[in-house]
Amino acid sequence: MRYIVMVIVMVITGLNLSTVQAGTTYERESLAGLPGIVVVVEKLIPEVQADGLSEEAIQAAVEGILQSSGIRIFIESKTFKVSSNPWLYVQPNIGKGGPYYFYNVSLRLIQEVASVHGRQYTMAATTWQGNTAGIVNNNDLRDVILDVIERWTKIFANDFLAVNPR
């Protein structure tokens, strides 16, 4: 029985449970006219930081890709001048289970949107998103998570530039 469980864990470890790429027409179109974005990275649990992944490394990777693509990055205090208050929320949900980490990494563009019915309220809504889930061993955590985040950031940058040519 123990060997069966080990085989199942090894097979699952090799899987990459990626979702379909973002980029539906309405998601891409929701990026049109944005002058830039704020990047926000969710806090990591201490175990993840102890195994070599930091919020600063994630922030640097995302901002590096966006800047090299020509997408402006705002600091939060300047964002209020942009009516839709757009921010790219990087959410690395990572949990530890023995020698493995289980993860669901998502990137979401959140911005202010207005209701079309009744009173003119605005609220924050996700207008673009992409995520990947999987399992990784402790030794590969940093490389795998940064790779996933960099892939989604490049997809976001491509979608952004498709509707905001430079």
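Predicted model: local features only at pLDDT ≥ 70, side-chain atom pairs only at ≥ 80, totals over all residues.

Arg28 has a relative accessibility of 27% and therefore counts as partly exposed.

**Salt bridge of Arg28**
- Arg28 forms a salt bridge with Asp159, and the closest N and O atoms are 3.1 Å apart.
- Because Asp159 belongs to helix α6 and Arg28 to helix α2 (residues 25-29), the pair ties together parts that are 131 residues apart in sequence.
- Asp159 counts as buried, because its relative accessibility is 6% and the cut-off for buried is under 20%.

**Other salt bridges**
- The count of salt bridges comes to three.
- Lys96 pairs with Asp51 in a salt bridge whose closest N and O atoms are 3.5 Å apart.
- This pair links distant parts of the chain, with Lys96 in strand β4 (residues 87-97) and Asp51 in the loop between α3 (46-50) and α4.
- Lys96 is partly exposed at 41% relative accessibility, and Asp51 is partly exposed at 29%.
- Arg151 and Asp147 meet in a salt bridge of 3.1 Å, N to O; both residues lie in helix α6, four residues apart, about one turn of the helix.

**Helices α4 and α6**
- The axes of helix α4 (residues 55-68) and helix α6 (residues 141-163) come within 9 Å and cross at roughly 30°, so α4 is roughly parallel to α6.
- The crossing of α4 past α6 is right-handed.
- The residues of this contact comprise ten nonpolar, one polar and three charged.
- Among them are Ile58 and Leu66 in α4, and Leu146 and Phe156 in α6.

Definitions and conventions
Residues numbered from 1 in each chain as written. Heavy atoms only, no water. Axes fitted to C-alpha atoms, helices over the stretch in contact; angles between N-to-C directions. Helix = DSSP H or I, 4+ residues; strand = E, 2+ residues; numbered from the N terminus. Parallel < 35°, antiparallel > 145°, perpendicular 65-115°, else oblique. Left-handed = near helix turned anticlockwise from the far one by under 90°. Contact = heavy atoms within 4.5 Å. Nonpolar A, V, L, I, M, F, W, Y, C, P; charged D, E, K, R; others polar. Salt bridge = Lys/Arg side-chain N within 4 Å of Asp/Glu carboxyl O. Buried < 20%, exposed > 50% of the residue type's maximum accessible area, 1.4 Å probe, protein only.
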